[in-house]
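The following note sets out some points on the structure shown below.

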Amino acid sequence: MSECVIPTLTSNEVVASKSVLPAGWKPNLKDLKSLDLTLPMLELLRRSTSRLPQDVIDALVKGRDAEEEGSRAFNTLNDMVRNIILADGHVTPLCQDTGTIIVWVRHPYGLSQRAAKQQIRAAVAEATKRSWLRPNCVEALSGKNTGTNMDPFHEGHPAVHFEEWEKPEVEIAVMQKGGGCENVGAQYRLPDATLGAGRDIKGVRKCIIDAVVKAQGQGCSPGILGVAIGGDRVSSYEKSKELILRKLGTSNPDPKMDAFEKEITADLNTLGIGPMGYGGNTTVLGVMAEEMYRHPASFYVSISYMCWSSRRGSITLKTNGEVSFD
Amino acid sequence: MIRLTTPITEDQIRQLKVGDEVLLNGRVVLSRDMGHKYMKEQKPEWLKPILENMVIYHCGPVVKKHEDGHYSFVAAGPTTSIREEPYQADVIETYKVRGVIGKGGMGKKTSEGLQKTGAVYLHATGGAGSLLAERCKRVVDVKMLEEFGSPEAFWIIEVEDFPLVVTMDSHGGSLHEIVAQQSQERAKALMG
């Protein structure tokens, strides 16, 4: 099982040939009222559930190659790569926990958010029917599963966020966030006497270290962290999730935060938690941190932990009819 | 690499040590949050012959129902085990379970249960849903599907060479405890 696996995925042409979008399908953005997002959303889910982004694969391979060959950490990362190849080849979910479906739609003026939400919900229901998603929507107290991934009150699931922007195109981004990694997310309020963490970057650093140590392997390490500094309880957590959409290996536009991200990533990888908490040098694949504005009395540090199987993706529908996936 | 086939004897389990790599074969019973609460609180008799000397797998699979009515697993990796900490030791004792498969490890109470009854905690690679579903060869039966829903039901399956690592043994050993301690020490040093 320890033979070093090369992560060769199916070609873009093969992926396109399996698309649920009819060949040559072109969105007409001049007529936003009749634009139907159901199929593009379904295709986005088909890809996100079975195909890991290249930057995540690269980071996992880099992590594996930094572990001692034949060690448990090496073998575990190697199995992760093996799993990535299988899921991609079979077009089946990378992980049985296909997560909470979080969607961000950015659109020009004129798109009906109500209609778009219905279409996104229809796509999620169809993806569930096709076994691309596990039914992950249960009533809080009874635990009763709706079976469809639909929250009947349109509140919790799928979680859809809308933003109107100035661009003429429509972009849908999706994240499939598993329950295990969601459970190890944490929100701190500074100062924190237990950690000895004050209201400064050193205090933020302590919160991050604490959260990762508490998570151990339970969030399916190596994890990817989104860290929002500031905001209120809600906006801060929301931002911390959105940050995970950023590609690994890209720089933070704020040079101060960029240096901080690099430093804390290196520090976390000396904790020895390793893949799945088995021990090793690869505890996190990356940290994305961003500063927000806050109320003078509140200082929140919100940390969202994403598992190694960071399933995310986006589709952009352009005015010239072009459809692109990222 | 140690090959084990269910049902497993206490003697076989007592020989296993933290760090041992195991390939599991035979029947395995899936159960997670709702199942564990139900087993601890209601102690249903009907599960006894199904679970004795068997292995429980903490997993909520993605299941495909075929046109002829049979089921197969599409993705089936482990879920986080620590949520079953309040229930696991009792379940192991009541049903004489010999092994629990999951991820992330479990706590002190479960470790004591493993020692008392003679059982082990077997760690599977989290997130490896496709890889592990390939080792789930056949769905034999499913119980409480209607009541619990698909991710929570008692799926009874047959596995072949299911790759696992013993991370908690029946002698009090726990890899999770060792890694946790070492990382906490390192964290202290990092925090200054």
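1. Within chain A, 21 residues of domain 1 are in contact with 22 residues of domain 2, contact being defined as C-beta atoms, placed from the backbone, that lie within 7 Å. Helix 3 (54-65), helix 4, strand 1 (100-107) and strand 3 (170-177) of chain A are the elements that give two or more residues to the domain 1 side; helices (H or I, at least four residues) and strands (E, at least two) are DSSP runs, numbered from the N terminus. Helix 3 of chain A gives the most to that side, with 5 residues. By class, the domain 1 side has 9 nonpolar, 6 polar and 6 charged residues, where Ala, Val, Leu, Ile, Met, Phe, Trp, Tyr, Cys and Pro count as nonpolar, Asp, Glu, Lys and Arg as charged, and the others, Gly among them, as polar.

2. This is a predicted model, in which local features need pLDDT of at least 70 and side-chain atom pairs count only at pLDDT 80 or more, while totals for chains, interfaces and linings use all residues. Residues are numbered from 1 along each chain as its sequence is written, and chains are lettered from A and ligands numbered from 1 in the order in which they are written.

3. The domain assignment of chain A gives domain 1 as 12-16 + 25-178 + 310-325 and domain 2 as 180-306; such bounds come from an automatic or database domain assignment. The centres of the two domains, taken over C-alpha atoms, are separated by 23 Å.

4. Four strands of chain A form an open sheet with mixed pairing, in the order 4-7-5-6; two strands pair if DSSP finds at least two bridges between them. Strand 4 (186-189) and strand 6 of chain A are the edge strands, each pairing on one side only. Strand 5 (residues 223-229) of chain A runs parallel to strand 6, with 7 bridges, and antiparallel to strand 7 (residues 300-306), with 6 bridges. A:Ile224 has A:Gly286 of strand 6 as its bridge partner, and A:Leu225 stands opposite A:Tyr305 of strand 7.

5. Which helix lies across strand 4, strand 5, strand 6 and strand 7 of chain A? Helix 8 (residues 233-242) of chain A does, running at about 35° to strand 7. Axes are lines fitted to C-alpha atoms, for helices over the stretch in contact, and angles run from 0 to 180 degrees between N-to-C directions. In strand 6 (residues 284-291) of chain A, 7 of the 8 residues are buried, that is, they have 20 or more other C-beta atoms within 10 Å of their own, with C-beta atoms placed from the backbone.

6. Between the chains, 45 residues of chain A are in contact with 40 residues of chain B. Helix 4 of chain A supplies the largest share of the chain A side, 9 residues. The axes of helix 7 of chain A and helix 8 (residues 175-191) of chain B come within 10 Å and cross at roughly 180°. These two helices are therefore roughly antiparallel to each other, the term for angles over 145 degrees. Among the residues that make the contact are A:Ile209 and B:Ala187.

7. One joins A:Leu190 and A:Pro191, with omega about 5°; A:Pro191 is in the loop between strand 4 and helix 7 of chain A. Another runs from B:Thr6 to B:Pro7, with omega near -5°.

Technical notes. Contact = placed C-beta atoms within 7 Å. Buried ≥ 20, exposed ≤ 12 C-beta atoms within 10 Å, placed from the backbone. Parallel < 35°, antiparallel > 145°, perpendicular 65-115°, else oblique.
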